[in-house]
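Please look at the sequence and the model before reading on.

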Amino acid sequence: CPPPKKAKHLIHPSNIYQMGDKEQTTMEKKVRVLEVFGEPISNGGQESFVINIVQHINHEHLAIDMLTPYYCDNSYYEDIVKSFGGTIYTFGLSFEPGKSRFNINDKIDAFFKEHPYDVVHIHSGSISILCIMAHFAKKNHVKKIIVHSHCAAEHKTLKYRLTRMASYPYIMSAPTDYCACSVVAGEWKYPKAIVDHKLKVLKNGVDLEKFAFNEETKCEIRKKLAIPEDAFVLGHVGRFSYQKNHEYLIRIFAEVRKRNEHAVLMLIGDGENKPDVKKQIEELHLTDSVRFCGLVNNVNDYMQAMDVFVLPSRYEGLPIVGVEAQAAGLPVITSINVSEELEISDLVTFLELKEDVSEWADKILSYEGKKREDASEQIRSHGYDVQFTADEIEKMYLS
């Protein structure tokens, strides 16, 4: 994010910017917490999780900032962070997934030297980021260092195995706390000894009241997107990337559309594979029945307009959008590659990613004409109320 007019370079000449202001006297009375991201602060699941938490956490004894080595392009999140006196720090580096992350080393080291924190909470799908951030936090005397795995992966490639082996000395020695959104996500990032004895699963809790079904909102969103009232709407939320498997989703929708000419597909998100997905949709003559909604901050409202949520991911940890969809009362049809821990209500069905998509179409169409279910009590009983998660994290920060 570009700096505000009065912003100053924090570490000359490293091009680090800050957003937001605080009174130093207030800061000294509180536990200083830094939420660190291994990816840009945009509209991803990790950012959504953290923003949900900081909106429900008690800030009386906490002063919370955020940091990404890359950029922030979500002004809505900026405003939320500023509202509780927090600051977002960015380095402005280019985000290049799959490439070396060591270009952040000097800047991270300099940042921690200049900005002392009591707690550093590191969120990333990258083992390298977890290790680098934890190492420099420890080097600069941070007392509590929390690493947090938010996803698993598809295959244990040679690169993955080598990276994991190289990470062991750092991941075993630098962090003080090990968290994950699911056991599966923890197993992908941490050694077995940590998973067995030190792993803390922090559930991706959601605001159940915000996602509760609202007929008026459903009509408003459908009208905004020019979706007929009698349409049967499939929905998906996620980055247009290999992981989310949009090409398979489009094949499923094409089969559904053959059987129901009133079917519509809502796609929320953005990403590198979006042009390819658009091309596939055009080739299958589905353009008029697909709605590209882009990046939105009110996913809860858009879910009201859906009838079924479809998640054919190639790999996941425990996707927060899957929990949100259940909170909205939507049937969730997902791949078996998603953690079984997602099944926190009767609304979830797991299917294999077979070449023939008929089974997916059959299951999706079985919900045609059915009313929404209220799964809030099931979700709450499994501990997926965001307030439960916020209270757990607050205790961890203050301990």
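## The six-stranded sheet

An open sheet is built from six strands in the order β11-β10-β9-β12-β13-β14, with parallel pairing. Strands, at least two residues in DSSP state E, and helices, at least four residues in H or I, are DSSP runs numbered from the N terminus; two strands pair if DSSP finds at least two bridges between them. At the edges are β11 (290-294) and β14 (348-351), each of which pairs on one side only. On average, neighbouring strands of this sheet are turned by 25° against each other, direction ignored. Axes are lines fitted to C-alpha atoms, for helices over the stretch in contact, and angles run from 0 to 180 degrees between N-to-C directions.

Strand β12 (residues 308-311) runs parallel to strand β13 (residues 332-335), and three bridges join them. Within this pair, Phe 309 stands opposite Val 332 in β13. Helix α11 (residues 246-259) packs on the sheet and touches β9 (232-237), β10 (263-268), β11 and β12; contact means heavy atoms within 4.5 Å. The direction of α11 makes about 165° with that of β10.

## Basis of the model

The model is predicted: local features need pLDDT of at least 70 and side-chain atom pairs count only at pLDDT 80 or more, while totals for chains, interfaces and linings use all residues. Residues are numbered from 1 along each chain as its sequence is written, and side-chain values use heavy atoms, with hydrogens and water left out.

## Strand β2 and its partners

Strand β2 (residues 31-37) is mostly covered, with six of its seven residues buried. Buried means under 20% relative accessible area, exposed over 50%, and partly exposed in between (1.4 Å probe, protein chains only). Strand β3 (residues 62-68) runs parallel to β2 and is joined to it by six bridges; Leu 34 has Asp 65 in β3 as its bridge partner. Between β2 and β3 the chain passes through helix α2 (residues 45-56), a right-handed β-α-β crossover. Right-handed means that, with the strands pointing away from the viewer, the path from the first strand over the helix to the second runs clockwise.

β2 also pairs with strand β5 (residues 119-124), in the parallel sense and over five bridges. Here the bridge partner of Phe 37 is His 123 in β5.

## Two buried helix residues

Ser 48 lies in helix α2 and is buried, with a relative accessible area of 15%. Leaving aside neighbours within four places in sequence, Ser 48 is in contact with Tyr 77, Ile 320 and Glu 324.

Val 195 belongs to helix α8 (residues 192-197) and is also buried, at a relative accessible area of 16%. With neighbours within four places in sequence left aside, the contacts of Val 195 are Gly 186, Glu 187 and Tyr 190. Val 195 and Ser 366 are 171 residues apart in sequence and 39 Å apart in space, C-alpha to C-alpha.

## The chain as a whole

The protein chain has 17 helices and 14 strands. Its radius of gyration is 21 Å, close to the 21 Å that the globule rule gives for 399 residues, so the chain is as compact as a globular protein of that length. The radius is taken over C-alpha atoms, and the rule is 2.2 Å times the number of residues to the power 0.38. Along the principal axes, the C-alpha atoms fill a box of roughly 60 × 45 × 40 Å.

Of the 399 residues, 57% are buried. Among contacts with a separation of 6 or more, 73% are between residues 24 or more positions apart.
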